[in-house]
Amino acid sequence: MLHKYCSSISLFMYFVLVGLATTLLMVQGQVTTRVGFYSRTCPRAELIVKQTVEAHFNSNPSIAPGLLRMHFHDCFVQGCDASVLLNGANTEKTAGPNRGLRGWEVIDDAKTKLETACPGVVSCADILALAARDSVVLTKGFSWNVPTGRRDGKVSLASETSNLPGFTDSVDVQKAKFQALGLNTQDLVTLVGGHTIGTSACQFFRYRLYNFTTTGNGADPTINPLFLSQLQSLCPQNGDASRRADLDVGSANQFDATFFRNLQNSRGILESDQKLWTDASTKSFVQRFLGVRGLQALNFNLEFGRSMVKMSNIGTKSATNGEIRRICSAIN
């Protein structure tokens with residue numbers, strides 16, 4: 001009798017704990033992702049994404065930074081729910097910060113292959129998260145385990161892209177935007193380090209080269225003088241605004257910590273990037289990535305993976321406010 005009573009209590013506690021766990025996993029309509037989510041329902045999902053990204057990368061390496069940036073832009077607006085992929089008037093895709101994104105065709109290609117292998121199973125949000133990781137690996141960065149199980153969102157508004165960090169933002173503004181999403185100062189510096197791959201058009205930094213100040217040569221005084229002349233040659237004051245410069249000069253195709261060395265040497269392309277060195281609250285993290293003596297060193301590649309996992313869990317949708325899209329550019 002006592003045994004039956006204890007068994008009943010145990011069973012009762014089991015359901016209580018399951019219910020509690022479910023509640024914790026669905027806070028405000030958000031679900032917790034996990035590594036290997038598709039291990040039974042679509043075992044080849046991650047491999048299909050990896051092979052698709054690799055095939056496109058082999059013909060056009062610029063899709064690597066493009067996919068990484070796309071995932072970042074997706075997570076900062078409506079959470080990591082593939083809302084950036086939706087077509088339509090006044091969607092996120094139409095907003096200024098997203099017009100230069102590239103890699104849409106890679107996601108569409110992966111989705112088509114996944115729908116053939118496992119119809120209606122793998123979300124576009126997960127494809128984007130996996131593709132971002134695979135892009136880092138293809139550029140010689142470290143890999144990390146990507147938790148999956150996201151659902152695709154049903155809302156995409158261009159007006160909400162103001163949440164995205166901007167190239168003129170002060171460090172305080174950058175920190176506020178990151179903190180609003182649960183990301184700390186170390187995450188900020190780490191994720192901005194993603195600029196170790198990719199390029200920027202002259203239109204986003206040329207203002208730093210001419211008439212930035214009314215003193216000296218008129219340029220942003222935080223730019224190394226020799227580097228300034230190189231940038232002015234690339235981006236003349238009235239020249240082609242679409243010409244591009246490597247964000248990580250000297251190592252733009254390899255995912256490494258040299259981006260931070262360039263900041264130390266006043267060779268940051270974007271104003272918001274260079275400010276990470278001139279602001280004390282972020283400079284210490286840059287120095288730790290560089291292994292400056294007297295500070296606890298940080299391994300950039302390891303920390304990047306950790307911060308990416310943290311970011312990729314922002315605003316994940318549940319079955320009540322999300323879906324598995326059949327086509328990534330349209331709601332079902």
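Leu138 is partly exposed, with a relative accessible area of 23%, where buried means under 20% relative accessible area, exposed over 50%, and partly exposed in between (1.4 Å probe, protein chains only). This is a predicted model, in which local features need pLDDT of at least 70 and side-chain atom pairs count only at pLDDT 80 or more, while totals for chains, interfaces and linings use all residues. Residues are numbered from 1 along each chain as its sequence is written, and side-chain values use heavy atoms, with hydrogens and water left out.

**Leu138 and its surroundings**

- Leu138 belongs to helix H5, residues 124-138; helices (H or I, at least four residues) and strands (E, at least two) are DSSP runs, numbered from the N terminus.
- Setting aside neighbours within four places in sequence, Leu138 is in contact with Val53, Glu54 and Phe57, contact meaning heavy atoms within 4.5 Å.
- Although Leu138 and Val53 are 85 residues apart along the chain, their C-alpha atoms are separated by 8.9 Å.

**Domains**

- The domain assignment gives domain 1 (44-164) and domain 2 (171-311), with bounds that come from an automatic or database domain assignment.
- The centres of domain 1 and domain 2, taken over C-alpha atoms, are separated by 24 Å, and 21 residues of domain 1 are in contact with 20 residues of domain 2.

**The largest pocket**

- The largest pocket has a volume of about 1100 Å³, and of the 48 residues that line this pocket, the closest to its centre are Arg69, His73, His195, Thr199 and Leu247.
- On a 1 Å grid over the protein atoms alone, a pocket is an open set of points with protein on both sides within 12 Å along at least five of seven lines, a cavity is a set of points where a 1.4 Å probe fits but cannot get out, and lining residues have an atom within 4 Å of a point.
- Grid points are joined across faces, edges and corners, and a volume is the space filled by probe spheres set on the points.
- The lining draws at least three residues from each of domain 1 and domain 2, and the elements that each supply at least two lining residues include helix H3 (63-75), helix H6 (171-179), strand E1 (199-201) and helix H12 (300-311).
- The largest share of this lining, seven residues, comes from H3.
- By class, the lining of the largest pocket has 23 nonpolar, 18 polar and seven charged residues, where Ala, Val, Leu, Ile, Met, Phe, Trp, Tyr, Cys and Pro count as nonpolar, Asp, Glu, Lys and Arg as charged, and the others, Gly among them, as polar.

**Annotated histidines**

- UniProt, in an unreviewed entry, places the feature "active site" at His73, and such annotations may be inferred rather than shown by experiment.
- His73 lies in helix H3 and is buried, with a relative accessible area of 8%.
- Not counting residues up to four places away in sequence, His73 touches Pro97, Asn98, Leu101 and Leu164.
- His195 is listed by UniProt, again in an unreviewed entry, for "binding site"; this residue sits in the loop between H7 and E1 and counts as partly exposed at 25% relative accessibility.
- Beyond residues up to four places away in sequence, His195 touches Leu247, Asp248, Phe259, Leu270 and Asp273.

- Leu270, in the loop between H9 and H10, is buried, with a relative accessible area of 9%.
- Apart from neighbours within four places in sequence, the contacts of Leu270 are Phe167, His195, Ser200, Phe204, Arg208 and Leu247.
- Helix H7 is mostly covered, with eight of its eight residues buried, and what covers these buried residues includes H3, H6, helix H9 (258-264), H10, helix H11 (280-290) and H12.

- A search of the whole structure finds one cavity of 30 Å³ or more, and the largest cavity has a volume of about 40 Å³.
- The largest cavity is lined by His71, Ala129, Trp144, Val146, Pro147, Met308, Val309 and Ser312, a lining with six nonpolar, two polar and no charged residues.
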